[in-house]
Amino acid sequence: MAETAFVVLQREFPYEFLATQLSFLCSVFLFIIVVTIRMLLEFELLVDPERRDTGKFVICTSIAFLVNLLAFVNPRTLVTMVYDLAIIIWTQGSSSGQSLLHMVSIMAVMGALYFGLKSAIAHNSKPKEE
């Protein structure tokens, strides 16, 4: 017998529980990041020299909030959650005969991560034109 509903959900529905938890956390984090970027761009907090300190305040506050939220809500890291979800998808796909589709799904996510990081690194390493 489980002590709480949280334990029951985690034990009986590992895929659904982990996928929902990961989706919710990513959505909250991305929402906070988007709001921060919108504030910086809309009010020109990093362009205007008089507002630069306010922009740094907004960035530091958002980082502090995100890190505190991550530490409070999630005892595991997001990377661990993604890894566990990939393992669950792979094992459930293997047992149900859909391992090829799940393998393609996992490979597509890995490709998206690779090319996303590659383009971000290439974009940051370009010399700035004057």
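A salt bridge is counted here when a side-chain nitrogen of Lys or Arg lies within 4 Å of a carboxyl oxygen of Asp or Glu. The model is predicted, so local features need pLDDT of at least 70 and side-chain atom pairs count only at pLDDT 80 or more, while totals for chains, interfaces and linings use all residues. Residues are numbered from 1 along each chain as its sequence is written, and side-chain values use heavy atoms, with hydrogens and water left out.

Side chains of opposite charge can pair when their charged atoms come close. The structure holds three salt bridges. One of them joins Arg51 and Asp48, with 3.7 Å from N to O.

Another salt bridge links Glu42 to Arg38, at 3.3 Å from N to O. These residues are four apart in helix α2, which separates Glu42 and Arg38 by about one helical turn. Helices are DSSP runs (H or I, at least four residues), numbered from the N terminus. Glu42 is partly exposed at 48%, whereas Arg38 is exposed at 56%. A further salt bridge is formed by Glu12 and Arg11, whose closest N and O atoms are 2.9 Å apart. Glu12 has a relative accessible area of 46% and is partly exposed; Arg11 is also partly exposed, at 49%.

Helix α3 covers residues 52–73. With 22 residues at 1.5 Å each, α3 should span 32 Å, and its end C-alpha atoms are 31 Å apart, which agrees. The expected span is 1.5 Å times one less than the number of residues. Which residues of α3 are buried? They are Gly55, Val58, Ser62, Leu66 and Leu69. Seen down the axis of α3, the buried residues fall within an arc of 70 degrees, so they line one face of the helix. The arc is taken from the directions between the helix axis and the C-beta atoms.

The cover over the buried residues of α3 includes α2 (14–42), where contact means heavy atoms within 4.5 Å. On the other side of α3, Asp53, Phe57, Cys60, Val67, Asn68, Ala71 and Phe72 are exposed. Lys56, also in α3, is partly exposed at 47%. The C-alpha atoms of Lys56 and Leu40 are separated by 9.3 Å, although these residues are 16 apart along the chain.

A pair of aromatic rings is described by the distance of the centres and the angle of the planes. Rings of Phe, Tyr and Trp (its six-membered ring) pair if their centres lie within 6.5 Å; planes under 30 degrees apart are stacked, over 60 edge-to-face, and the rest tilted. The whole structure contains two aromatic pairs. Phe6 and Phe17 form an edge-to-face pair, 5.1 Å centre to centre with 80 degrees between the planes. Phe6 lies in helix α1 (residues 5–12) and Phe17 in α2, so the pair ties together parts that are 11 residues apart in sequence. Phe6 is partly exposed at 47%, while Phe17 is buried at 14%. The rings of Tyr114 and Phe115 have centres 5.0 Å apart and planes at 75 degrees, so this pair is edge-to-face.

Key:
Helices (H or I, at least four residues) and strands (E, at least two) are DSSP runs, numbered from the N terminus. Buried means under 20% relative accessible area, exposed over 50%, partly exposed in between (1.4 Å probe, protein chains only).
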